[in-house]
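I opened this entry to keep track of what I looked up, beginning with the ligand and moving on to the helices and loops.

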Amino acid sequence: MEEFDVAVIGAGPAGSSTAYYAARSGLNVIIIDQRKAVGEPVQCGEFIPSTNEMKRIIPRVKDQSELFNIDDGLIKMKTEKIRFVSPKNRKYDIDFEGFTVDRRYFDKHLASKATDAGADLRTGTKFLSLDGNMVETDKGSIKAKVIVGADGFKSKVAESAGMQVEHVLCPCMLGQVSGDFEPIVEMFFGTIAPGGYAWVIPKGDGANVGLGIQKTGNVSLRNMLDKFLKVRGLGKIEQLSAGFVPISGPIPQTVKDNVMIVGDAAGQVMATNGGGIPISMICGRIAGNVIAQNFKDNTPLQKYEEEWRMNVGPELDNALDTKRMADKAFKRNWTLEMSMRLLGPDRMNRAVNCKPIFKK
Ligand SMILES: Cc1cc2nc3c(=O)[nH]c(=O)nc-3n(C[C@H](O)[C@H](O)[C@H](O)COP(=O)(O)OP(=O)(O)OC[C@H]3O[C@@H](n4cnc5c(N)ncnc54)[C@H](O)[C@@H]3O)c2cc1C
């Protein structure tokens with residue numbers, strides 16, 4: 001049977017970042033992913049805040065330039081503003097720099113950083129279960145001293161380890177449209193996307209268009225998306241896909257014995273907007289570095305839990321508070337319209353930056 005120091009389940013931003021930092025310290029790391037091709041299909045808006053914005057959002061995280069040193073070749077388009085659009089089409093612009101990527105290439109790039117550092121990547125390999133150091137996959141068993149669950153919102157690893165896996169989920173549907181778009185990320189609120197928002201995120205040669213909602217019962221995301229495309233004159237959508245964003249904040253425990261949970265699996269997502277790429281990379285770096293220290297001098301794996309909560313916990317909590325407040329206003333178009341007017345761009349800016357919107 002094959003033996004590894006570390007087995008990482010999931011080659012998304014969280015898993016590949018964890019694997020990179022663990023492998024670069026000389027550990028014997030395997031990453032498995034059930035997908036045949038890393039990053040495909042795209043289930044993401046593909047927007048990432050600039051490093052300067054990330055430093056403003058989460059100033060405690062050190063060396064962000066090193067972490068988010070993204071090759072120009074991976075950037076599809078730089079954006080300058082975020083525009084909030086109310087049900088009555090009132091526009092609120094805030095300055096916010098970011099860029100869009102194509103997750104098919106972005107995720108492959110992160111995975112290849114990990115393999116260049118020595119990690120062994122096996123795609124088309126599904127995690128089934130876990131028992132102590134034994135990892136069962138559909139391609140056989142492997143043994144690892146540390147196991148990392150970076151397997152997304154429906155984490156089988158967390159479930160196998162007996163950790164909480166329940167998240168409140170926001171179902172989304174998205175795709176790509178062609179056309180010319182201003183360098184502005186647009187978010188549309190109201191019954192067009194009940195309890196969530198619809199987006200148009202420019203990518204240079206077109207845009208990523210989609211919506212996420214909070215609604216129970218018999219709703220068709222496809223019909224809602226078609227209506228949004230029609231109302232906004234966005235034309236034909238391609239590469240249609242769907243996904244879920246965990247929006248209930250982090251799970252209570254992310255380390256148990258030799259198992260660590262990272263990224264969406266741990267609920268490390270900004271609840272206000274569903275942004276999880278940079279947070280999962282930050283937490284992945286913390287996880288990989290703590291694993292390296294653990295092998296070097298027996299530093300407890302628990303240090304990961306303490307460090308990520310200290311680094312990104314307050315901002316994730318603020319985002320969750322803002323989301324809970326927004327949920328009340330989101331109930332009807334007129335309350336939403338009024339709330340957006342009352343908030344204005346300054347408080348919206350605070351929400352985007354994961355600051356408490358009613359405290360200075
Ligand atoms: C519609 C949508 C739009 C979004 N837009 C944005 C955005 O614009 N910006 C942003 O920052 N964030 C966005 N997010 C959130 C972002 O996509 C996630 O937060 C991010 O991908 C989390 O990374 P991760 O590595 O934790 O999980 P994932 O990227 O989900 O990776 C998990 C990996 O685990 C693998 N896996 C799962 N189960 C198993 C198994 N049993 N065995 C083996 N492998 C397994 C999967 O195949 C997958 O590759 C969006 C999410 C959705 C759904």
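**Ligand site**

I began with glutamate 46: one of its backbone N or O atoms lies 3.2 Å from an oxygen atom of the ligand. I count a polar contact as a pair of N or O atoms within 3.5 Å; within protein, one must be able to donate a hydrogen and the other to accept it, and residues adjacent in sequence count only if both atoms are side-chain atoms. Phenylalanine 47 places a backbone N or O atom 2.8 Å from a nitrogen atom of the ligand. For glutamine 34, a polar backbone atom is 3.0 Å from a ligand nitrogen. The protein covers 90% of the 990 Å² of accessible area that the ligand has on its own (Shrake-Rupley method, 1.4 Å probe).

The model is predicted: local features need pLDDT of at least 70, side-chain atom pairs count only at pLDDT 80 or more, and totals for chains, interfaces and linings use all residues. Residues are numbered from 1 along each chain as its sequence is written, and side-chain values use heavy atoms, with hydrogens and water left out.

I then listed the 34 residues around the ligand (a heavy atom within 4 Å). Asp33, Gly45, Phe47, Phe127 and Asp264 come nearest. By class, the shell has 14 nonpolar, 13 polar and 7 charged residues (nonpolar: Ala, Val, Leu, Ile, Met, Phe, Trp, Tyr, Cys and Pro; charged: Asp, Glu, Lys and Arg; polar: the others, Gly among them).

**Helices**

I take helices (H or I, at least four residues) and strands (E, at least two) as DSSP runs, numbered from the N terminus. In α2 (residues 51–57) I found arginine 56 and glutamate 53, 3 residues apart, about one turn of the helix. Their side chains meet in a salt bridge at 3.3 Å, N to O (a side-chain nitrogen of Lys or Arg within 4 Å of a carboxyl oxygen of Asp or Glu). The whole structure has 22 salt bridges.

**Loops**

Which bond joins glutamate 40 and proline 41? I find a cis peptide bond, with omega about 0 degrees. Proline 41 sits in the loop between β2 (29–32) and β3 (47–49). Aspartate 63, in the loop between α2 and α3 (64–67), has a positive phi near 50 degrees, though it is not a glycine.
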